[in-house]
Amino acid sequence: MTIILTGLPKVSLNKWYSSIHWTKRKKMKDTYTMIVKSQFKDVLPKDCEYNTEYHFTFKSRALDASNCVAMVKMIEDIVFEDDSYKIIKSILITSSKGLEDKVEIKINKT
């Protein structure tokens, strides 16, 4: 399965962990939930195991792959019913410059 999400705010892990107040993190999570749910209505069940690949493209000032982790975590919490190690077996993150800000997520059941 492939999911393509656009319009998500760019959130660097550096910014996320630089003592940003919890109310701002909550607001960002709510924004992500609204955008993701408007583009992908399903929730993937916890009775399967998944390998996931996230490829982020950025129109300007691309983040390095490790700084995309905060965005991956927010998306994962929305798309999957459960994100425990028993369910999500692997996560591959790549990042590059692109024509638009988007993330392409490839999800494979194992």
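# Strands, core and cavity in a predicted model

Reader: Okay, switching to the core: which members touch the most others?
Author: The largest nonpolar core holds 30 residues, and of these I75 and V79 touch the most other members. At least two residues of this core come from each of strand 1 (2-6), helix 2 (22-39), strand 2 (50-58), helix 3 (69-79) and strand 4 (102-109). Helix 3 gives the most, with seven residues.

Reader: What does I75 touch, leaving out residues up to four places away in sequence?
Author: With those set aside, I75 touches L5, L8, Y32, V36, Y54, V103 and I105.

Reader: Why do you call helix 3 largely enclosed?
Author: Eight of its eleven residues are buried, so helix 3 is largely enclosed by the rest of the structure. The buried residues are A70, M71, V72, M74, I75, E76, I78 and V79, and they pack against strand 1, helix 1 (13-16), helix 2, strand 2, strand 3 (88-97) and strand 4.

Reader: How far apart are F80 and D42, in sequence and in space?
Author: They are 38 residues apart in sequence and 8.7 Å apart in space, taken from C-alpha to C-alpha.

Reader: And N67, in the other loop, what does that one touch?
Author: N67 lies in the loop between strand 2 and helix 3, and at 9% relative accessibility N67 counts as buried. Its contacts, not counting residues up to four places away in sequence, are V11, S12, L13 and N14.

Reader: Aromatics next: how many pairs does a search of the whole structure find?
Author: The search finds three aromatic pairs. One of them, F56 with F58, is stacked, at 6.1 Å centre to centre and with 5° between the planes. Both F56 and F58 are buried, and ring pairs link Y54, F56 and F58 into a cluster.

Reader: Last topic, what is the volume of the largest cavity, and which residues line it?
Author: The volume is about 70 Å³, and the count comes to one cavity of 30 Å³ or more. The lining is made of L5, L8, P9, K10, Y32, F56, T57, F58, M71, D101, K102 and V103, which includes both rings of the stacked pair F56 and F58.

Reader: Which strand gives the most to that lining?
Author: Strand 2 does, with three residues, while strand 2 and strand 4 each supply at least two.

Conventions: Residues numbered from 1 in each chain as written. Predicted model: local features only at pLDDT ≥ 70, side-chain atom pairs only at ≥ 80, totals over all residues. Heavy atoms only, no water. Phe/Tyr/Trp six-rings, centres within 6.5 Å; stacked < 30°, edge-to-face > 60°. Buried < 20%, exposed > 50% of the residue type's maximum accessible area, 1.4 Å probe, protein only. Core = buried A, V, L, I, M, F, W, Y, C linked by side-chain atoms within 4.5 Å. Helix = DSSP H or I, 4+ residues; strand = E, 2+ residues; numbered from the N terminus. Contact = heavy atoms within 4.5 Å. 1 Å grid on protein atoms, 1.4 Å probe; cavity = no way out; pocket = protein on both sides within 12 Å on 5 of 7 lines; lining within 4 Å. Points joined across faces, edges and corners; volume = space filled by probe spheres on them.
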